[in-house]
Amino acid sequence: MNAKHLEQIVFIRHVLHQHPELSMQEKFTEAYLYEYIKNNTNLILEERNERWFFAVKKGANPSKRPIAFRADFDAVAIEETCKIPYVSQNPGVGHKCGHDGHSCVLAGLALALSEVTPPQDVYLIFQHAEETGEGGEECAALIEEKNIGQVFAFHNRSGYPRNALVYRRGLTQCASKGLTIAFTGKPAHASQPEDGINPAEAIATLILYAGELVRSDRFTEMVLCSIIHTEIGHKNFGVNASTGEVSMTLRANREDEMNTLEELLRNKAEEMAEEQGLTVEFTISDPFPETRNHDDAIDRVLNQAKKMGLTTIEMPQPWRASEDFGYYTKKTSGAMVYIGNGEDYPMVHTGDYDFCDEIIPTAVDLFYGLAMEE
């Protein structure tokens, strides 16, 4: 990556960092990136649903299946606490996962591809709403539409040496979903609780049951159930609670086992509701598939990393954090890999985190090498 391109990409990364937007709200971000690619490259652009877009660099051999690279560009609801000149201008929202950097790496790749003709068509997918999983599910349809043969993405990783290439074969990020179970009973005066139906016991039982399930021998691989919120009634000391809910994040190495965990929790909730005269409702939020890498795609990445002289580190265990890139690798060969920020670098999803600009050239050059490989 040449110095002029790097200077431009770092500048636009800082602009995006100042204007972070939550999932499904990325109007400024999408428009800014689109206009930059339009005005500074010769790639063909196409916007989809006023939420995301892709850019195409036509290759020398139209019969060869295209290759694709994907980057996300949404932010998270975390207050910025780091002291930087390009601090977030949107209170309570920050680029605390590095998606500003991910998308700017694709912009840098677009600049590089403008100067060459790759062996096949190259698609750059600028994706919205990764943090909720909605973006990946929508954008992955492009894989089949354009008959894309392989797709790649990267995420920055703290806790690893700067610019190291971190990877895992097979499962690399876990499946997850949010599950809310809401009970409705019957109100009563607090002095006569026997006249009402209070869901407190059902909710308490369900929380304990969830813990028993994940510690049981029902599952062959890792499953987790994290209680993230519960609410029972209201703080009115004259009224016996009649409504309540518990929200939990289900997470597993395997989607089928996560779904089994969900089914068991639903069955338990329905059983208690029937026994106690409660009604029960279920809501699913932020579903993410498991992300599994394909060996042929990982082999290509490792071959390119070797050419670049990068340190490569194989992760012994999957990263528990979910990633909607799994929607893509269900449709074609692909790989999600990671580039180290540094062993002591602030962790993502914390107020002190900011994307490490020093890894931009490594990511751009890695993707460029993959795009140009015969």
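**The sheet and its surroundings**

Reply: Four strands make up an open sheet, in the order β10-β12-β8-β13, with antiparallel pairing. Please keep in mind that this is a predicted model.

Me: Which strands stand at the edges?

Reply: The edge strands are β10 and β13 (279-288). Each has a single partner strand, so one side of each is left without a neighbour in the sheet.

Me: What does the twist average from one strand to the next?

Reply: The average is 15° from one strand to the next.

Me: How many bridges join β8 to β12?

Reply: Strand β8 (residues 175-184) is joined to β12 by 10 bridges, and the two run antiparallel. One of the pairs is Ala 175 with its bridge partner Ala 252 in β12.

Me: And over how many bridges do β10 and β12 pair?

Reply: Strand β10 (residues 223-232) pairs with β12 over nine bridges, again in the antiparallel sense. There, His 229 has Ser 247 of β12 as its bridge partner.

Me: That leaves β13. How many bridges join β8 to β13?

Reply: Eight bridges join them, and they run antiparallel. Ile 181, for instance, has Phe 282 of β13 as its bridge partner.

Me: Which helix packs on the sheet, touching β8, β10, β12 and β13?

Reply: That is helix α7 (residues 255-276), whose direction makes about 5° with that of β8. Helix α6 (residues 200-215) lies across β8, β10 and β12, and runs at about 170° to β10.

Me: Back to β12 for a moment: how many of its residues are buried?

Reply: Eight of the 10 residues in strand β12 (residues 243-252) are buried, so the strand is mostly covered.

Me: Where does Ser 242 lie?

Reply: Ser 242 is in the loop between β11 (239-240) and β12. With a relative accessibility of 15%, Ser 242 counts as buried, because the cut-off for buried is under 20%.

Me: What is Ser 242 in contact with, leaving aside its neighbours within four places in sequence?

Reply: Ser 242 is in contact with Phe 183, Thr 184, Gly 185, Lys 186, Pro 187, Ile 197 and Pro 199.

**Helix pairs**

Me: Changing topic, at what angle do α3 and α10 pack?

Reply: Helix α3 (residues 99-113) and helix α10 (residues 360-372) pack at about 50°, and their axes are 9 Å apart. The two are therefore oblique to each other, and their crossing is right-handed.

Me: Which residues of α3 and α10 make the contact?

Reply: On the α3 side they include Val 105, Leu 106 and Leu 109. On the α10 side they include Ile 360, Val 364 and Phe 367.

Me: How do α8 and α10 pack, and at what angle?

Reply: Helix α8 (residues 295-308) packs with α10 at an angle of about 120°, with the axes 10 Å apart. These two are therefore also oblique to each other, and the crossing of α8 and α10 is right-handed. The contact involves Arg 300, Val 301, Gln 304, Ala 305 and Met 308 of α8, together with Thr 362, Asp 365, Leu 366, Gly 369 and Leu 370 of α10.

**Cysteines**

Me: How many disulfides does the count come to?

Reply: The count comes to zero disulfides.

Me: Is Cys 139 buried or exposed?

Reply: Cys 139 is buried, with a relative accessible area of 0%. Cys 82 also counts as buried, at 14% relative accessibility.

**Positive phi**

Me: One last topic: what is the phi of Glu 50?

Reply: Glu 50 has a positive phi of about 55°, although it is not a glycine. Most residues other than glycine have a negative phi. Glu 50 is found in the loop between β1 (44-48) and β2 (52-57), and it is exposed, with a relative accessible area of 58%.

Me: And what about Asn 147, where is it found?

Reply: Asn 147 is in the loop between α5 (141-145) and β5 (150-158). Asn 147 has a positive phi of about 55° and counts as partly exposed, at 44% relative accessibility.

Technical notes:
Residues numbered from 1 in each chain as written. Predicted model: local features only at pLDDT ≥ 70, side-chain atom pairs only at ≥ 80, totals over all residues. Heavy atoms only, no water. Buried < 20%, exposed > 50% of the residue type's maximum accessible area, 1.4 Å probe, protein only. Pairing = 2+ DSSP bridges. Disulfide = S-S within 2.5 Å. Axes fitted to C-alpha atoms, helices over the stretch in contact; angles between N-to-C directions. Parallel < 35°, antiparallel > 145°, perpendicular 65-115°, else oblique. Left-handed = near helix turned anticlockwise from the far one by under 90°. Contact = heavy atoms within 4.5 Å.
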